[in-house]
Amino acid sequence: MNRVNNPLNVTTSADPDNIQGLLSRTEPSFASIFEYTTVGMALISLHGHWMRMNSSMCSLSGYAEEDLLYKELHDLFLPDEKIKMRARISQLLSGDIRAIHMEKKLIQKEGNILGVECDMSLVRDAYNQPLYFISQIRPLPPKSEMEQKLAESEQRYKSLIEHNPAGILTCDLNGLIKNVNPAMERILGFLESDMIGQPINHFWGKENEDIGSSDNVVMQADNYMLRVSHKNGGIIELGLKNVPIIVNGTIEGVYLIARDITQHNKDRESLRVAQQDLHDTVRRQQGMTMKFRQMRGKFIHTLCDGELLYRLGYKPSNILGNDLYKIWPFYMAANIESYYSKSWNGDQNVMYETTFRGITYLTSLRPIYENGRVVEVIGSCVDITERKRMETELRETKELLESFINNTTDAICVLDLHACVISVNAAYEQIFGWPPGELLNRTLPIYPAYLEEQRREIYEMLKAGKQISGLETVRLRKDGQLVHVSVTKTPIKNEKGEIIGFAGITRDITERKRTEELLRKSDKLSVAGQLAAGLAHEIRNPLTSLRGFLQLLQSDMKGKQHYFDIMLSELDRINFIVSEFLVIAKPEAIHYKKSDLQGILQTVVALLETQAVLCNVELILEFESEIPELICSEMHLKQLFINLVKNAMEAIPKDGQIKMTVSLQGTDLIRVRTEDNGCGIPEERLKQLGEPFYTTKEKGTGLGLMMCFKIVEAHKGTMTIQSQLGEGTMIDVFLPTQPNNGEIVEST
């Protein structure tokens with residue numbers, strides 16, 4: 001017998017045009033039976049088209065013959081039965097079966113579904129070549145209750161198989177496939193028609209040589225796994241279970257229930273690798289990871305590993321399954337237990353430090369929740385021994401620096417890039433009078449207005465990365481006074497070399513400047529002393545001779561006695577002035593006694609009044625209050641005020657006024673103010689007044705005003721000078737009424 005495997009898709013000589021001829025060549029009785037039988041009959045081409053049907057078939061389907069002619073066979077049946085029908089027709093064409101008997105659902109023209117029995121056979125010619133199919137279709141007879149229940153049971157069985165998510169394959173005891181559900185088709189990629197009638201090993205024997213024949217697959221009793229080739233060429237892994245088909249106590253076949261476990265196995269392998277990686281990571285980490293849970297009132301460790309554990313002298317076996325008191329010394333266990341309790345009670349961020357065997361480590365605990373309940377706590381430990389050592393060194397260094405900064409007498413400040421204050425030390429307030437709280441986040445208010453350009457230049461240099469070292473200048477205190485300072489400023493850089501701020505160290509050099517000034521004046525005084533000593537020596541000798549000769553002549557010059565008195569008085573005056581030079585060169589005892597300042601000043605005015613008239617200067621003396629007597633050197637005070645008034649006269653070009661005003665300041669201080677409306681003194685020269693050899697006069701020596709300062713200083717008083725160029729000068733002399741508790745003393 002020649003087999004033709006061409007289900008409904010072959011081309012033979014049995015075309016629709018010669019069907020009538022074929023029927024006419026058959027016996028007349030077949031044509032009559034075909035036409036008049038009550039069973040619906042139809043001739044179907046090998047292409048699957050309706051070619052001829054009898055009246056019973058038309059009545060059964062509700063279609064006229066011309067409506068069905070050349071339509072597809074499957075158009076009258078439910079679509080889900082198409083695959084099974086194709087498989088059975090293939091078997092019919094191949095000669096494996098002689099006829100097909102099926103129960104199918106026929107779709108009538110009105111849309112009703114009718115259950116029918118369908119028998120189909122293949123008509124061949126004399127050469128055994130297929131010509132066409134002949135089909136008989138009849139309504140299913142009414143079923144008995146038992147048959148109905150059996151049909152329902154079969155439907156449930158069919159639904160269980162067809163809609164089961166697991167792949168189900170039915171085979172006989174020889175391993176030939178009888179049925180395949182849709183899930184198995186999806187798993188393997190093959191259609192049911194590709195698999196029915198094939199041995200099982202045809203699909204997975206290649207990948208499982210140890211399985212052997214199909215019989216061995218069928219006889220598997222336990223769950224097993226096979227590697228199978230998918231239709232697309234890929235390899236999948238199946239987990240299988242064999243379930244025997246038992247009919248009347250006899251095993252007729254086997255259900256092979258399969259699940260695709262390829263992804264499951266991949267996930268399981270990935271999980272295994274991940275778990276191994278995690279174990280290796282935990283084991284090799286520099287720190288230590290551990291977990292614990294509370295059991296029977298104790299905290300039992302369920303995990304502990306890491307390099308730190310071994311450095312502490314333990315192994316995981318020493319920790320796992322043990323509580324704290326079996327691991328650590330009692331004092332440590334009691335301390336750690338308090339932190340364990342906090343975390344077990346839900347505290348999300350518990351941290352503590354522990355030192356053991358010279359190693360300090362930091363532990364962080366976090367609770368693990370399941371269904372809102374803490375089931376375990378995980379801890380991470382990090383060795384911080386080196387960090388603690390560095391922290392100790394840094395803290396000591398910081399304390400040392402803070403001590404240095406806070407206790408140094410130099411003012412130190414730190415500024416940001418906008419020159420705003422970040423911090424200042426205690427010395428800053430001592431020098432400038434600004435409390436730290438008033439300076440924070442603002443620019444330094446210590447620059448005089450006339451040094452604003454200097455301030456800008458300094459910060460431009462700092463921003464350019466340059467350092468200012470030992471700059472001597474002046475700065476402004478909070479009370480408005482100027483302070484002489486030495487300034488060092490440097491940019492602050494981060495580890496990348498970027499400028500992030502500025503640091504300044506300011507040293508108060510006011511005292512040093514004063515000392516330098518005194519030294520400078522001392523040098524000038526020394527020179528002046530040497531000059532005065534030589535001058536006094538040269539003048540005193542001839543004066544002595546002159547006075548002696550005048551005394552000899554005095555006895556012979558009768559009637560001219562008053563001239564001699566004047567000459568002697570003036571010679572004594574010259575001698576006194578020369579003595580004043582000696583005061584500079586050599587200390588001289590000054591004798592103090594109680595004197596009337598009012599009388600002293602009136603004498604000075606009387607002596608200088610004639611000269612004032614000659615100079616067109618008005619000389620005025622006023623007393624604003626009753627002036628008490630004071631302890632002083634009368635001669636030196638006269639010299640003081642004579643010098644001041646004469647200096648004022650010389651500063652007035654013409655028609656001026658000199659006013660001396662005397663007032664009592666408090667109970668024990670007298671102020672004598674001398675004002676003139678002369679040419680005035682430039683501001684920059686005021687600070688140098690009183691220095692030897694410094695004068696504003698064309699032929700002056702500067703010694704007179706220097707002597708004035710020394711006289712006031714000897715009387716424990718002070719003298720201030722204020723002047724404006726072109727308007728005049730005002731000199732205030734402040735004298736205490738009792739410079740030394742009223743005692744008459746000597747002073748140098």
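**Salt bridges and their surroundings**

Guide: Helix α18 (residues 452-463) holds both Arg455 and Glu452, which stand three residues apart, about one turn of the helix. Helices here are DSSP runs of H or I with at least four residues, strands are runs of E with at least two, and both are numbered from the N terminus. The model is predicted, so that local features need pLDDT of at least 70 and side-chain atom pairs count only at pLDDT 80 or more, while totals for chains, interfaces and linings use all residues. Residues are numbered from 1 along each chain as its sequence is written, and side-chain values use heavy atoms, with hydrogens and water left out.

Arg455 and Glu452 are joined by a salt bridge whose closest N and O atoms are 2.8 Å apart; the term requires a side-chain nitrogen of Lys or Arg within 4 Å of a carboxyl oxygen of Asp or Glu. Arg455 is partly exposed because its relative accessibility is 22%, and Glu452 falls in that class with a relative accessible area of 28%. The class is set by cut-offs: buried means under 20% relative accessible area, exposed means over 50%, and partly exposed lies in between, with a 1.4 Å probe and protein chains only.

The structure holds 30 salt bridges, and other pairs reach across the chain. One of them brings together Arg512 and Glu472, with the closest N and O atoms 2.3 Å apart. This pair links distant parts of the chain, 40 residues apart, since Arg512 belongs to helix α19 (residues 510-554) and Glu472 to strand β18 (residues 468-476). Arg512 counts as partly exposed at 36% relative accessibility, and Glu472 is partly exposed as well, with a relative accessible area of 40%. Salt bridges can also share partners, and in that way Glu353, Arg387, Lys388 and Glu391 are joined into one network.

The side chains of Glu376 and Arg293 meet in a salt bridge at 3.4 Å, N to O. Glu376 counts as buried because its relative accessibility is 9%, whereas Arg293, with a relative accessible area of 31%, is partly exposed.

The largest cavity has a volume of about 90 Å³, and among its 13 lining residues the closest to the centre are Met288, Met290, His301, Trp328 and Tyr340. Two or more lining residues each come from β11 (288-295), β12 (298-305), α14 (330-344) and β14 (359-370). A cavity, on a 1 Å grid over the protein atoms alone, is a set of points where a 1.4 Å probe fits but cannot get out, and lining residues have an atom within 4 Å of a point. Points are joined across faces, edges and corners, and the volume is the space filled by probe spheres set on them.

The lining of the largest cavity divides into eleven nonpolar residues, two polar and no charged, where Ala, Val, Leu, Ile, Met, Phe, Trp, Tyr, Cys and Pro count as nonpolar, Asp, Glu, Lys and Arg as charged, and the others, Gly among them, as polar.

Note on methods: 1 Å grid on protein atoms, 1.4 Å probe; cavity = no way out; pocket = protein on both sides within 12 Å on 5 of 7 lines; lining within 4 Å.
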